[in-house]
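Please look at the sequence and the structure, and then follow the sections below.

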Amino acid sequence: MDSVTAIVPMGLGHLRQVLDLGHEVFDVTAKPYTSWSLTSVAEHLDSPDGACWVALDSDRVVGFVLGSMEFELRDDWAYLEWIAVAPDMQGRGIAKRLVDICSDALFARGALRIVTDVEGRNTASATLMKRSGFTAAASVTLFVRPNPAEPETDPEVGLPPIAPGTKRALIRRGRLAGDNRANRPR
């Protein structure tokens with residue numbers, strides 16, 4: 001357990017290092033709806049939820065967690081969306097500390113549940129979430145139908161990442177379409 005690393009609220013001065021660490025550790029091709037961008041980080045930083053934290057080794061950001069009180073259309077469910085620890089600092093309990101402090105902040109803001117998602121092959125994150133009190137609630141399989149008019153691509157290559165900011169834009173449109181909530185596919 002690493003007790004020397006400080007866990008502090010994320011501030012504007014951490015933005016560049018958080019963005020860079022995310023680019024270093026996230027595989028945005030693993031899930032085609034995943035986008036890691038400045039917009040993703042800035043929107044979390046701009047939220048009033050107090051659910052964004054960084055782990056510092058001196059002045060170096062060695063880990064972070066980004067959460068919010070926004071999950072789908074539920075105002076009482078929170079979302080732990082991003083967590084990362086620098087490869088050279090993994091295995092020291094930093095990720096668990098980040099999850100716990102983020103969860104505490106979200107529960108204090110009124111969350112009844114906190115949701116997170118983990119790509120199926122990411123066993124380290126799945127283990128972390130189980131150790132942090134999360135339980136598997138749903139399994140989703142992404143089905144892809146290629147365009148028959150386009151040349152077949154190698155399935156091992158994966159799908160291209162969605163452009164930065166797309167995920168948030170889709171969430172915003174879903175939240176603004178209050179009259180269409182009943183017609184929204186689940």
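## Aromatic pairs

Two rings of Phe, Tyr or Trp, the six-membered ring being taken for Trp, form an aromatic pair if their centres lie within 6.5 Å. The structure discussed here is a predicted model. By this rule the count comes to five aromatic pairs. One of them joins Phe26 and Trp82 in a tilted arrangement, with 5.0 Å from centre to centre and 45 degrees between the planes. Phe26 belongs to the loop between helix H1 (15–25) and H2, while Trp82 is part of strand S4, so that the pair links distant parts of the chain, 56 residues apart. Trp82 counts as buried, at 5% relative accessibility.

The rings of Trp36 and Phe64 are stacked, because their centres are 5.5 Å apart and their planes meet at 20 degrees. Trp36 is found in the loop between H1 and H2 and Phe64 in strand S3, so this pair ties together parts that are 28 residues apart in sequence. Both Trp36 and Phe64 are buried. Phe26, Trp36, Phe64 and Trp82 form one aromatic cluster.

Which residues of H1 are buried? In H1 these are Leu15, Val18, Leu19, Leu21 and Gly22. They lie on the same side of H1, because the arc that they cover around the axis is only 165 degrees. The other side of H1 carries the exposed residues Arg16, His23 and Glu24. The elements that cover the buried residues of H1 include H2, S2, S3 and S4.

## Val61 and His14

Val61 lies in strand S3 and counts as buried, at 5% relative accessibility. Apart from neighbours within four places in sequence, Val61 is in contact with His14, Gln17, Val18, Leu21, Val54, Ala55 and Leu56. Val61 and Leu15 are 46 residues apart in sequence, and their C-alpha atoms are 9.5 Å apart in space.

His14 has its place in the loop between strand S1 (6–9) and H1. At 16% relative accessibility, His14 counts as buried, since the cut-off for this class is under 20%. Residues up to four places away in sequence not being counted, His14 touches Val8, Pro9, Val54, Leu56 and Val61.

## Salt bridges

Side chains of opposite charge can pair when their charged atoms come close. A search of the whole structure finds five salt bridges. One of these is formed by Arg109 and Asp49, whose closest N and O atoms are 3.2 Å apart. Arg109 is in the loop between helix H3 (94–108) and strand S5 (113–115), and Asp49 is in the loop between helix H2 (38–45) and strand S2 (52–57), so the pair ties together parts that are 60 residues apart in sequence. Arg109 is partly exposed, with 44% relative accessibility, whereas Asp49 is buried, with a relative accessible area of 8%.

A salt bridge also joins the side chains of Arg60 and Asp88, at 2.8 Å from N to O. This pair links distant parts of the chain, 28 residues apart: Arg60 is in strand S3 (residues 60–68) and Asp88 in the loop between strand S4 (77–85) and H3. Arg60 counts as partly exposed, at 32% relative accessibility, and Asp88 is partly exposed as well, with a relative accessible area of 45%. The side chains of Glu119 and Arg121 meet in a salt bridge of 3.0 Å, N to O. Arg121 counts as exposed, at 64% relative accessibility.

## Cysteines

How many disulfides does the structure hold? The number is zero. A disulfide would need the two sulfur atoms to be within 2.5 Å. Seen from Cys102, the closest cysteine sulfur is likewise that of Cys52, at 7.0 Å. Cys52 counts as buried, at 7% relative accessibility, and Cys102 is buried, with a relative accessible area of 0%.

How values were computed
Residues numbered from 1 in each chain as written. Predicted model: local features only at pLDDT ≥ 70, side-chain atom pairs only at ≥ 80, totals over all residues. Heavy atoms only, no water. Salt bridge = Lys/Arg side-chain N within 4 Å of Asp/Glu carboxyl O. Helix = DSSP H or I, 4+ residues; strand = E, 2+ residues; numbered from the N terminus. Buried < 20%, exposed > 50% of the residue type's maximum accessible area, 1.4 Å probe, protein only. Contact = heavy atoms within 4.5 Å. Phe/Tyr/Trp six-rings, centres within 6.5 Å; stacked < 30°, edge-to-face > 60°. Arc of directions from axis to C-beta.
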